[in-house]
Each structure stands twice: as C-alpha cells, then as structure tokens.
Amino acid sequence: AGDFSLDVRGQVAQVLGQIDQTLIQIGSSRNNLLQILIFLSDLNAITELNELWDRWVPQGSAPVRACVQAGLGKGCLVEMVIEAAVVS
C-alpha cells in the first residue's frame, strides 16, 4: 500500500486497486489471475481481507491464494504478489 496511515481495510482496498491498474497496464484482467500471495502483518486481519477479496475477485475465476503473516515494516499492513496470464 502506498498510504501507511490507512487501516488494514484501507490498505487492502488500495493494493487491490493497484493490482487492477497493473493488470490494465499489462493487458490482462482479474479473470486471468493465476495466483496471489498475500502477506499480512497480522493474520487477525483475515476477516477484513476476505470481505474485500470476496467482492473483488471474479466469481468462478478465483486464483490460487495463500495468506501468510510477515513482518512488513512500520505501518505496512499488507503486501500482495500476483501472477497473471497475458492473452495476446
């Protein structure tokens, strides 16, 4: 997330928006996501993550997902690494 002053819900929303922009830039879409690795500073935030995730991910096209707890540095509550197919 770019704004560490946001709570976990705000940071997750921001990162999902960044993923959308990246997918546009590479000529892909949410339907072409292959996998997402999610790093949370606190796994107790999984409820907030799942609420936003369920609204964001295309129904029937959910990529493989793994969530792990990690020390992300001061203020950073979430990071995501994505892998997506690009259809030409």
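Predicted model: local features only at pLDDT ≥ 70, side-chain atom pairs only at ≥ 80, totals over all residues.
How many disulfides does a search of the whole structure find? The search finds zero.

## Overall fold

The protein chain contains two helices and three strands. Followed along the sequence, these elements give the pattern α-β-α-β-β. Helix α1 covers residues 8–25, strand β2 covers residues 64–69, and β3 spans 78–84.

Of the contacts between residues at least 6 apart in sequence, 77% connect residues that are at least 24 apart.

## Dimensions and surface

Along the principal axes, the C-alpha atoms occupy a box of roughly 40 × 25 × 20 Å.

Buried residues account for 30% of the 88 residues in the chain. The accessible surface amounts to about 5100 Å², and carbon and sulfur atoms contribute 51% of this area. Among the charged side chains, 5 are positive and 9 are negative. The centres of these two sets are 3 Å apart.

A disulfide is a covalent bond between the sulfur atoms of two cysteines. For comparison, a disulfide requires a pair of cysteine sulfur atoms within 2.5 Å. C67 is accordingly in no disulfide, and the nearest cysteine sulfur to it is that of C76.

Are C67 and C76 buried or exposed, or in between? C67 is partly exposed, with a relative accessible area of 25%. C76 counts as buried, because its relative accessibility is 6% and the cut-off for a buried residue is under 20%.

## The surroundings of C76

C76 is located in the loop between β2 and β3. Leaving aside neighbours within four places in sequence, C76 is in contact with F4, Q11 and S41. C76 and R9 are 67 residues apart in sequence, and their C-alpha atoms are 12 Å apart in space.

## V68 in strand β2

V68 belongs to strand β2. Because its relative accessibility is 32%, V68 counts as partly exposed. Which residues does V68 touch, not counting those up to four places away in sequence? They are L37, I38, F39, L40 and L43.

One of these residues, L43, can also be described by its distance from V68. The two are 25 residues apart along the chain, and 7.3 Å separates their C-alpha atoms.

## G10 in helix α1

G10 lies in helix α1. The relative accessibility of G10 is 19%, so this residue counts as buried. Where a residue is partly exposed instead, the relative accessible area falls between 20% and 50%.

G10 and L77 are 67 residues apart along the chain.

Key:
Residues numbered from 1 in each chain as written. Heavy atoms only, no water. Buried < 20%, exposed > 50% of the residue type's maximum accessible area, 1.4 Å probe, protein only. Helix = DSSP H or I, 4+ residues; strand = E, 2+ residues; numbered from the N terminus. Contact = heavy atoms within 4.5 Å. Areas by Shrake-Rupley, 256 points an atom, 1.4 Å probe, with all protein chains shown as cover. Lys, Arg positive; Asp, Glu negative; His and termini not counted. Charge placed at Lys NZ, Arg CZ, Asp CG, Glu CD.
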